Amino acid sequence: MDLTDKEDTGSGSPLGTERQGRFERQRQEKLSRIKELGVEPYGGRYDGAELAEDIRHRPCLQGAEKGNIIEGEEGKAKCAGRIVLLRDIGKLIFITVRDWSGTIQIGLSKKLLGPDASGWPLAKLLELGDIIGVSGQLGKTRTDEITVWVDNLRLLSKCLCQPPEKFHGLSDIDLRYRQRYVDLWANPEVMERFKNRSAIIRTIREFLQARGFREVETPMMQSVAGGAAAKPFVTHHNALDLDLFLRIAPELFLKRLLVGGMEKVFEINRNFRNEGLSREHNPEFTMLELYQAYADYNVMMDLTEEIICLLVEKYCSSKQVQFRDITVDYTRPWRRARYAELLKEYSGCEIDDIPAIRAKARELGLDEAGMDEEVVINGVFEATVEDNLINPTFVFDYPAALCPLTRRKKDDPKYAERFELYIAGMELANAYTELNDPAVQEENFQIQLRGQDESMATMDEDFITALKYGMPPAGGLGIGIDRLIMVLTGATSIRDVVLFPLLRPIKDQAQGK
RNA sequence: GGGAGUGUAGCUCAGUUGGCAGAGCAACGGCUUUUUAAGCCGUAGGUCCAAGGUUCGAGUCCUUGCACUCUCACCA
């Protein structure tokens with residue numbers, strides 16, 4: 001295909017496609033001129049570069065005077081990064097270089113770089129988006145800007161595509177998601193958020209490991225998709241001629257590990273659910289699940305509160321965190337309220353008063369005819385309660401029928417020892433005292449299967465067998481990592497915390513025409 | 001799947017009642033050794049998302065389709 005002449009028709013034509021042909025041709029021309037200078041335009045290993053932020057905080061800059069260069073060893077500096085701003089003033093060029101710590105200004109002058117082909121002539125050919133490595137003496141300009149005055153310049157990678165507008169950056173949401181590799185360097189706050197995401201997950205791991213939890217990996221391709229009520233993705237293994245499901249939850253495998261004697265385990269990884277997309281739902285999402293033998297849901301509640309409060313302390317500027325148009329207050333202790341109590345508080349219905357609840361459901365426009373009691377109750381709960389749970393709130397003791405994997409309360413078997421954590425009206429965590437009675441578990445599965453269509457109705461027999469060998473009583477917890485990152489970093493949409501969210505492919509490309 | 005909105009230069013966006021397609025940045029040529037979104041002079045750049053329709057005339061009005069955003073529904 002001729003990339004230079006074909007014109008793309010789509011409005012969402014990404015940067016760097018055919019539509020940019022003339023810009024790419026111009027940049028290709030510069031590339032040729034660089035090669036003519038005898039310069040390799042795609043560099044190679046570049047050792048000893050210091051982060052821009054570290055250079056800015058050098059002690060030798062403390063007393064430095066405006067307009068001066070710091071001579072000698074202590075003034076030497078070396079850095080590498082992408083050209084994000086470029087000001088060519090004739091025999092002097094100022095460039096703002098961005099690495100992933102931040103930006104620093106470098107100064108290139110004809111005097112310092114001289115007539116050498118890879119010096120001044122190369123400098124004059126640099127353009128926005130190129131990746132360079134430089135070394136030189138540190139100093140401050142007349143306007144007090146910290147600057148590396150370059151005596152050695154290397155081109156590490158030529159940028160052949162037109163970068164986005166330098167002031168507004170890339171703001172088209174669709175383009176940002178499709179070309180995250182541009183979004184990340186064009187919009188520093190995006191980089192910042194993903195660096196935070198990485199740090200938050202590291203902190204969670206450190207917290208759990210310090211408490212004796214071991215990280216494990218369980219299958220993502222499963223022949224029975226269990227552990228949650230959700231529609232799975234189907235895939236196929238050729239050699240075994242076997243249909244497999246992408247997991248909807250790791251739960252049943254992690255509990256097998258409890259049976260095996262791993263007493264404290266966790267897994268942070270992807271689940272896949274074949275359902276609708278929204279700003280709180282991506283088809284693949286990251287979940288922390290952990291299990292602790294001999295614990296129960298109260299232990300999990302304390303643990304959840306501790307982890308998240310630690311994260312707030314480390315990654316948020318105060319206990320009051322802005323999210324969308326609301327403020328979430330993480331001050332401890334968090335509210336812990338019974339499911340039935342909240343239902344009464346916000347819907348006015350007693351949980352046992354089924355006629356009143358059905359009436360409320362109709363009032364809310366829910367189609368309750370033919371639905372099971374618990375489903376109607378939960379419908380009313382979701383419609384009336386959830387949006388009001390702004391500050392972190394543990395909702396506990398769910399109707400047992402909604403919790404097939406949960407141990408029931410000894411003194412009141414209508415309810416199960418389960419809690420969910422809500423923050424900003426979103427469900428963030430789900431936990432229970434795990435059911436370890438194989439007979440009850442099997443019965444619950446049977447009931448659950450009756451409500452599903454046949455194609456998906458498979459029981460995980462081996463899981464029942466595992467329980468028959470004896471699983472220690474345990475507490476289990478799941479935390480939606482993406483949503484947690486959202487509330488901690490103030491991201492409105494789950495797509496802002498997932499590097500490459502699922503998007504519909506652009507049609508022309510998908511058809512390969 | 002329903003409803004609302006958006007789609008104009010590489011990017012960010014204007015475009016009046018239906019009457020010659022616009023700006024800033026980026027690009028290209030020139031000047032410039034202290035700039036900070038550098039500045040000044042000049043040049044080029046368009047399938048106005050696509051297809052059809054109404055009209056003497058459509059970026060603008062209508063229909064259909066595509067993509068995205070918001071929202072509702074489905075869904076832990």
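Predicted model: local features only at pLDDT ≥ 70, side-chain atom pairs only at ≥ 80, totals over all residues.
1. Basis. Local features require pLDDT of at least 70 and side-chain atom pairs pLDDT 80 or more, whereas totals for chains, interfaces and linings use all residues. Side-chain values use heavy atoms, without hydrogens and water.

2. Helix pair. Helices α7 (residues 188-210) and α9 (residues 297-315) pack with their axes 11 Å apart, at an angle of about 140 degrees; helices are DSSP runs of H or I, at least four residues, and strands are runs of E, at least two. The pair is therefore oblique, the class left once angles under 35 degrees (roughly parallel), over 145 (roughly antiparallel) and 65 to 115 (roughly perpendicular) are set aside.

3. Helix contact. Among the residues of α7 that meet α9 are N196, R202 and F207, and their counterparts in α9 include E306, L310 and Y315; contact means heavy atoms within 4.5 Å. By class, this contact has ten nonpolar, two polar and three charged residues.

4. Of the 52 residues around RNA strand B, the nearest are Q26, T143, A229, R273 and E275 (near: a heavy atom within 4 Å).

5. Polar contacts (N or O pairs within 3.5 Å). A polar side-chain atom of Q162 lies 2.4 Å from a sugar or linking oxygen of RNA strand B. A backbone N or O atom of R142 is 3.3 Å from a base oxygen, and a polar backbone atom of A230 is 3.4 Å from a phosphate oxygen.

6. Surface make-up. Helix α1 gives the largest share of the surface near RNA strand B, four residues. That surface has 13 nonpolar, 15 polar and 24 charged residues.

How values were computed. Residues numbered from 1 in each chain as written. Chains lettered and ligands numbered in written order. Axes fitted to C-alpha atoms, helices over the stretch in contact; angles between N-to-C directions. Nonpolar A, V, L, I, M, F, W, Y, C, P; charged D, E, K, R; others polar. Polar contact = N/O pair within 3.5 Å; in protein donor to acceptor, adjacent residues only side chain to side chain.
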